[in-house]
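Take a look at the model below. This report follows a few of its parts, one at a time.

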Amino acid sequence: MITVLFKSILNEYVPGEPDQVELTYEPDLTIRAILEQYGLQPGHIGLAMVDGQVSDLDCPLHDGVTVELYPIFGGG
Amino acid sequence: MSFNGKILKVDLTSSEVKVEEQPESFYRRYQGGHGIGLYYLLKESKHDVDALEPENPLIFAPGLLTGLRAPAVPRYVVISKSPLTGALGKSEAGGYWGPELKKAGFDALVITGSSKAPVYLLIRDDKVEIKDAGHLWGSETGPVQEKLREELGDKGTQVVQIGPAGEKGVLYANIVNNLAHFNGRNGLGAVMGSKNLKAIAVRGSGKLKAKNEERLKEIFRWTAGQVKEHPLSSMLHKHGTPAGIKTVNAQGGLPTNNFELGVFEGAEELASEDYSLKPKGCYACPVVCKRVVEVNEDDIVVDKMYGGPEYETLAALGSNCGIGDLKVVAKVNEICNRNTLDTITLGMTISFAMKCFEEGIIGPDDTDGMELKFGNKDVLIPLVEKIIKREGIGDLLALGSKKAAEKFGPESKKYLVESKGQEAPMHDPRVKTGLGLQYALSINGADHWFAQHDPFFAAEDGFGVIEMAGLGLTEAVDPLDTGMAKVRLIYYTSVLNSVYDLLGVCVFGYVARSLIPLNFLLDQVVAATGWKTSWFELMKAGERAMAMAREFNRRQGLEQEADKLSESFYRPLAKGPFAGKITLQEEDLNDAVEKYYALAGWNKNGGVSRNKLEELGLGWLVQ
């Protein structure tokens with residue numbers, strides 16, 4: 001199982017409540033593939049973390065990890 | 001055309017009002033905004049004038065496209081010498097005033113001299129009057145706007161003004177139009193106050209007519225249709241800039257406790273939308289990114305008339321002072337807006353004083369007995385009121401952190417976070433090094449919109465790389481890189497942002513931060529003017545304005561030594577993903593600054609070379 005947290009305003013891309021989804025583990029699953037599944041472009045993402053560590057979008061995910069996704073931001 | 005061919009000049013010492021006509025070739029060369037503003041600043045100012053002397057000109061200049069029914073081009077610049085930094089003062093604002101000045105028939109307003117008694121300017125089309133403002137002096141911005149509109153019998157009058165902080169000469173007082181749109185930085189409200197000029201009320205009955213109105217309408221319709229679909233503009237539209245707090249906090253770059261920590265435990269509350277009533281926007285802008293905030297509780301009331309805190313304010317007065325109480329931050333934002341104070345420099349000056357207090361460099365005897373500790377929300381409102389009134393410790397802190405450090409002593413200077421004497425905005429160069437280059441190179445002191453921001457260019461499928469490939473930025477650049485790839489990114493996009501400022505563009509409407517693409521912007525310039533122009537010509541105009549700005553600073557004695565960062569930025573962050581790691585080295589940053597000079601055609605001292613000035617048609621600046 002992989003837990004994905006859609007943080008801040010990315011929760012608008014998750015149908016219903018809450019902003020957390022559980023995905024069945026599949027070998028070679030990446031954050032990029034999860035984004036595609038939820039209609040998000042890579043450019044949406046300002047920060048992706050796997051178990052609290054900064055991650056790139058193409059790194060294969062292990063079973064049991066928690067993915068946190070934050071929207072991009074720059075220039076307030 | 002999108003311009004009127006007329007510049008209004010007012011001398012407050014002699015009460016003389018003149019209109020100077022300019023040919024089309026002037027606009028093709030200097031466009032609008034800071035291009036026109038710098039032209040007049042360089043022509044009219046003496047080399048060694050003090051910023052608060054009558055001889056320092058104060059110039060208001062809308063962008064080339066401002067005033068047209070075109071999307072997200074509402075901006076005008078205020079240009080002068082900054083009393084905070086002694087360098088160029090340049091600050092942009094949106095809202096409604098810039099378009100109104102264009103409709104009144106003027107492309108810029110150049111104010112010189114100083115009135116003996118408080119006055120305001122009234123511009124109704126070509127009728128210009130200098131009027132007594134004795135009854136307005138000392139009043140806050142809300143009542144002044146209401147009184148002026150009532151006196152003039154016209155609710156559509158657009159008022160740009162200063163509040164009591166500008167009258168009192170707080171060196172980071174700003175200028176506001178429509179109560180919530182600020183020329184926020186560089187202390188230009190103090191310059192306006194030094195001239196005894198309380199407000200400028202404008203009403204125009206004209207209409208700018210583009211050469212190709214249909215093309216402008218097409219782009220407007222496209223923008224309005226896409227705002228809620230595009231990921232970046234929809235975020236701005238639905239949530240405004242405060243939504244950025246959570247991302248920046250997770251990245252470990254949220255300025256906390258005077259830029260020491262990078263992560264703030266109260267970030268969730270600061271990002272809350274609990275008190276946000278509705279979005280509010282600027283002239284002809286479908287993005288509508290600003291928030292209106294109202295608090296009606298027993299302990300705190302925040303008046304919705306003054307807008308609401310943006311990301312910069314939430315971080316500067318919130319996390320950076322260790323304060324996570326959103327109601328208190330919203331209240332201080334309202335107080336600042338009523339009195340016209342730059343919330344960034346204010347927050348940074350307070351956080352600097354808090355750090356000095358915690359380190360024992362200053363004590364209660366220096367602070368009128370106030371415990372200036374991070375997180376002490378009880379001191380925030382009384383301290384800000386003292387600064388506005390320039391009472392006690394407030395009189396010193398009204399000068400900004402760098403001048404306060406002179407009084408606090410040499411030990412305090414290592415806690416400054418500034419460049420050219422202006423306090424850093426709420427973006428940490430230790431998590432995105434491009435901001436370090438921006439702060440060092442920005443001609444008007446640390447500025448977060450000198451160029452575009454690193455995160456948009458961090459991946460090849462990021463919005464920045466996709467949208468700006470046409471400028472030659474086709475590759476991803478690591479946010480922590482300081483090599484030539486980063487220098488090129490900052491150089492190209494600093495010229496682009498200069499073009500944006502010439503045209504009156506808001507960065508929250510256009511790429512890479514938002515949705516409107518570069519080819520549509522070029523189309524709008526062609527549609528507005530009928531010129532057979534190109535991005536090459538626009539980028540040269542951007543370079544030209546930057547060269548003029550750089551030349552102004554050279555005349556003030558500022559060269560390479562001014563393009564430095566405070567040592568605080570070279571110490572590691574204490575919390576978050578980058579805790580304990582040195583991610584920005586002084587030697588690398590200084591090397592990157594020199595590379596930037598080389599790309600820009602500037603000499604090793606950071607001055608613009610004679611050849612570059614002549615190439616840009618600025619031979620008149622060659623001594």
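In β5(B), Y76(B) finds its bridge partner, A93(B). The model is a predicted one. Six bridges join β4 (residues 76-81) of chain B to β5(B). These two strands run antiparallel. Strands of a sheet pair through backbone hydrogen bonds, either parallel or antiparallel.

Now step back to the whole sheet. It is open and has six strands, in the order β2-β1-β6-β3-β4-β5 (chain B). The pairing is mixed. β2 (16-21) and β5 (88-93) of chain B stand at the edges. Each has a single partner strand, so one side of each is left without a neighbour in the sheet. On average, neighbouring strands are turned by 15° against each other, direction ignored.

Next comes a helix. α4 of chain B spans residues 141-152, which makes 12 residues. From first C-alpha to last, α4(B) reaches 16 Å, close to the 16 Å expected at 1.5 Å a residue.

Which residues of α4(B) are buried? They are T141(B), V144(B), Q145(B) and L148(B). Why do they share a side of α4(B)? They cover an arc of only 95° around the axis, which puts them on the same side. The face turned away from the buried side of α4(B) carries the exposed residues P143(B) and E150(B).

| Element (chain B) | Residues |
|---|---|
| β9 | 158-161 |
| β10 | 175-177 |
| β12 | 197-203 |
| α12 | 326-339 |

After α4(B) comes G153(B). The phi of G153(B) is positive, near 65°.

Definitions and conventions. Residues are numbered from 1 along each chain as its sequence is written. Chains are lettered from A and ligands numbered from 1 in the order in which they are written. This is a predicted model: local features need pLDDT of at least 70, side-chain atom pairs count only at pLDDT 80 or more; totals for chains, interfaces and linings use all residues. Helices (H or I, at least four residues) and strands (E, at least two) are DSSP runs, numbered from the N terminus. The expected span of a helix is 1.5 Å times one less than its number of residues. A residue is buried if 20 or more other C-beta atoms lie within 10 Å of its own, exposed if 12 or fewer, and partly exposed in between; C-beta atoms are placed from the backbone. The arc is that of the directions from the helix axis to the C-beta atoms. Two residues are in contact if their C-beta atoms, placed from the backbone, lie within 7 Å. Two strands pair if DSSP finds at least two bridges between them. Axes are lines fitted to C-alpha atoms, for helices over the stretch in contact, and angles run from 0 to 180 degrees between N-to-C directions.
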